[in-house]
Amino acid sequence: MNRIDSISGIRYYLGKYGIHPRKKWGQNFLLDGNILRKIALSCNPGSENLLVEIGPGLGALTKELAAISRGVLAIEIDSSLREPLAESLHGLKNTYLKFADVLQIDLEEELRKAFGLQEISGYKVCANIPYNITTPIIFKLLETCPHMESATLMMQKEVARRILASPGSKEYGLLTLTTAYYADVKYMMPVSRNCFFPRPEVDSSVIQLLPIRGKRVQVKDELSFKKLLRVSFQKRRKTILNICADFFAREKPEIHSILTAIGIDPRSRPENLAIEQFARISNILGN
Ligand code: SAM
């Protein structure tokens, strides 16, 4: 069996099974064994923890994760990777493969089925995720996986920056605030584009999402609050006064005095407002 965490190993699997990495599925395989081990260890599973991996590819990270956890459920969209994965993961009894689009399945239900669990307790996610669907994956994990303890994710460096951005910066936006609503975020490490085959055009970062109990802010109407965030960052050059006048369909002078009364400058732009201020606006101006 060939080592999968090297360029020769990757070439062996691609050649033997006639696989051409698919751009549309973000197939850039990690070829640096040290980085793979560091990512696996940084998710810190412990031998009792179950893990979910999104996009095992040829199985390089899966092997590392299986070695340090109770078990791994790996979800892969590309069924042409079935045979190489069967070879690279041969003999790993605590690893389950599910061939499906991660965005279309109930992740916790799949975990329950794979490990024959009555109920889900805690589990962790660890993955080198496909770059083109980073945001939908993050939203899915945060919004639909209530038992997830952490998600250690490698993604394009620029997306990681948006998640970690501070108010006032150009990266600060919907992704920053949606993530902050559900989770604390930790920066783990940079990963150079040279650590992949094929080599992507961007560098990567690994970050860790740690869901908080409850939510970061209390809002009366969550749907309306999220919609306010979305609309605000679609119009990031507008003032919060104009955004609120449109969004809540109320007169500007009224909005102006309410915003001032709750300590928000009506001339602020969305990128200067913290999540607590958006929550205050939503709670006072919403129904
Ligand atoms: N884990 C491998 C590694 O680190 O070398 C491969 C990572 S590669 C960046 C992303 C993987 O996600 C690919 O194997 C790709 O086929 C898979 N993928 C892409 N879209 C997916 C989806 N919607 N659901 C599940 N897997 C997906």
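User: Hi! Among contacts in the chain between residues at least 6 apart in sequence, what share joins residues at least 24 apart?
Analyst: That share is 67%. Keep in mind that this is a predicted model.

User: Thanks. How many helices and strands are in the chain?
Analyst: The chain has twelve helices and nine strands. Its C-alpha atoms fill a box of roughly 70 × 45 × 25 Å along the principal axes. Of the 287 residues, 52% are buried.

User: And which domains is the chain divided into?
Analyst: Domain 1 covers 7-211, and domain 2 covers 222-285. Over C-alpha atoms, their centres are separated by 35 Å.

User: How many residues of each domain are in contact?
Analyst: Twelve residues of domain 1 are in contact with 14 of domain 2.

User: What area do the two domains bury between them?
Analyst: About 1,000 Å², with 64% of it on carbon and sulfur atoms. On the domain 1 side, Leu174, Leu177 and Tyr181 lose the most area to domain 2, and together they make up 51% of what that side buries.

User: Nice. How many salt bridges does the rule find across that interface?
Analyst: The rule finds one between domain 1 and domain 2. The side chains of Glu143 and Lys226 meet in a salt bridge, at 3.2 Å from N to O.

User: Which helix gives the largest share of the domain 1 side that touches domain 2?
Analyst: That is helix α8, residues 174-182, which contributes five residues. The residues on that side of domain 1 divide into seven nonpolar, three polar and two charged.

User: Changing topic: where is Val231?
Analyst: Val231 sits in helix α9, which spans residues 222-234.

User: Is Val231 buried or exposed, and why?
Analyst: Val231 counts as buried because its relative accessibility is 16%, and the cut-off for buried is under 20%.

User: Which residues is Val231 in contact with, leaving aside neighbours within four places in sequence?
Analyst: Val231 is in contact with Ile243 and Phe247.

User: One last thing: what distance separates the C-alpha atoms of Val231 and Glu254?
Analyst: Those C-alpha atoms are 20 Å apart, with Val231 and Glu254 lying 23 residues apart along the chain.

Conventions:
Residues are numbered from 1 along each chain as its sequence is written. This is a predicted model: local features need pLDDT of at least 70, side-chain atom pairs count only at pLDDT 80 or more; totals for chains, interfaces and linings use all residues. Side-chain values use heavy atoms; hydrogens and water are left out. Domain bounds come from an automatic or database domain assignment. Contact means heavy atoms within 4.5 Å. Buried area is the accessible area (1.4 Å probe) that two parts lose on being put together, summed over both. A salt bridge is a side-chain nitrogen of Lys or Arg within 4 Å of a carboxyl oxygen of Asp or Glu. Helices (H or I, at least four residues) and strands (E, at least two) are DSSP runs, numbered from the N terminus. Ala, Val, Leu, Ile, Met, Phe, Trp, Tyr, Cys and Pro count as nonpolar, Asp, Glu, Lys and Arg as charged, and the others, Gly among them, as polar. Buried means under 20% relative accessible area, exposed over 50%, partly exposed in between (1.4 Å probe, protein chains only).
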